[in-house]
Amino acid sequence: MEVPGLQRRANAVGSHEDTAPAIPSGPLDPTYDPELKLPKHASLIIMISANILLQISFFIIVSSSNEYALHLGGTSTFSGIVIGIPTLFSGLALIPLSRHDQGHILYALAYYANFLYLILLGRIVSGLSFTLWMYCKRYCSDPRIVGVRQRTTLAAWLVIGQGVGMSLGPFAGGLFYKVGFGGRGGSVWNGFTAPAWVMAGVWVLYWVLVWKYYEDIPPEQRAFETAPESSAEGDVIALQSVSITQPPNPQPSLLFRLAPQQQGVILCMCWFAMMCFFILGAWETNIPVFGAATPPFHWSPFAAGNFLALGGATTFPFLILNLLMARHTQDRLILILGTTLGLGGLITFLGLLRTGGKALNYGAVFVCWWAVALGFNLASTVTMSTLSKKLPPKWNGRTSLAIQYSNYTGRVAGAVWGGSGVAVGMHHYVGLQIGLVGVGAALSMGLWRNLKTKMG
């Protein structure tokens, strides 16, 4: 898969790293199984690392963004917009411009300039780099280099990256806030600006490593196979017949006309992609605001960052377990398990709120956050992998776009909703999320048979 900004010649002169064929080695190997093929390891690590750095870049400002916005004269709702706005502009651009990302620098300079909207502008520019998220998903589900029984496993690696971002990001942001204002911090380097300066430097180092180690798909592998992949039952995916007398390079919209069941699966997966990131984004944005405004807590950005990080860190054993079990579990079962666990966290939190705050304490809220974080991260594992298994290989680019736009919609709307949670009322805040899960449950139950795929 060609990724603009990550293109390297497959057999560049002087390239010697990872020259051994990927395992399985190839069709000439008698043990080769095309359903288990993987890309070259160095390039795969580069793409998975990009996902992790993008997640950290997104989340590192979460713990201190509310205080930063208030310091510059903004509101908590504006803080939510600052957190979510990158994905809106990433969706508008959807081209990988992360090599040209100067957003972290603009975000850091807002304090020096004492200009509220500069932090918004900085995050908008950063949003252009977040388009690389789509290419990470597309790479890990590309049928030319990833076998059908490896796609959910690679998707689980991407979800582990989400876990790293949502735990390390807020923790680092809260730590930089405390250290930055605890020493000789000035108008350029301080608790608000330090996370942005550090991530700008990390990205420079990352692109040096990309230039050295990344290799694009070899030219001989860039053509898609014309035959669609089989479904879980071994039946060929149903497509409307196409005349063999078509002219060369027919329009994709005429070549692939999907059955209604396949259209339903696309709708269902896009809804779950939007729903998962809406709820995760809402909680990540709301916790610093809710924690600062609630009498039992009165959390600082450092305390809120630690709370978010602890919740994310304690999900790791289960995300690793999901990685190990992905090869032996159907995608639809992972989807339902994750959604049910997340819904349990939402309902429990709503019950705590209905006590009038009497039952609110650190442990109770933490359990709710843990269930939400683990559940909806698990559910987000299968959205892209399911579509890559149910649709013809040629559709991989389109489905990755559809899932990424759904993720973006959820991130933007969820971040704004989370920042507004205290203002609109926490009961309404949680109630909307439960309603979104209800719609997803109805879709999945109605399409249950059509969601069956090969495992792995």
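**View 1. Contacts of Ile279.** In this predicted model, Ile279 is in contact (heavy atoms within 4.5 Å) with Leu346, Val372, Phe376, Gln433 and Val437, neighbours within four places in sequence being left aside. Residues are numbered from 1 along each chain as its sequence is written, and side-chain values use heavy atoms, without hydrogens and water. Local features require pLDDT of at least 70 and side-chain atom pairs pLDDT 80 or more, whereas totals for chains, interfaces and linings use all residues.

**View 2. Nonpolar cores.** A nonpolar core is a set of buried Ala, Val, Leu, Ile, Met, Phe, Trp, Tyr and Cys residues joined through side-chain atoms within 4.5 Å; buried means under 20% relative accessible area (1.4 Å probe, protein chains only). The largest such core comprises 103 residues, and Met269, Ile279, Trp283, Phe349 and Phe376 have the most contacts inside it. Helix H10 (residues 260-293) gives the most to this core, with 17 residues. Another core, of 7 residues, lies apart from it and includes Val159, Leu323, Leu374 and Leu378.

View 3. Helices are DSSP runs (H or I, at least four residues), numbered from the N terminus. Val208 lies in helix H8 (residues 194-213). Val204, Leu205, Val208, Leu209 and Tyr213 make a nonpolar surface patch of about 450 Å² (residues with over 30% relative accessible area and no salt bridge, nonpolar side chains being joined within 5 Å; areas by the Shrake-Rupley method with a 1.4 Å probe; a salt bridge places a side-chain nitrogen of Lys or Arg within 4 Å of a carboxyl oxygen of Asp or Glu). Buried residues of H8 include Trp203, Tyr206, Trp207 and Val210.

Definitions and conventions. Patches are made of residues with over 30% relative accessible area and no salt bridge: like charges are joined within 9 Å, nonpolar side chains (Val, Leu, Ile, Met, Phe, Trp, Tyr) within 5 Å. Helices (H or I, at least four residues) and strands (E, at least two) are DSSP runs, numbered from the N terminus. Buried means under 20% relative accessible area, exposed over 50%, partly exposed in between (1.4 Å probe, protein chains only).
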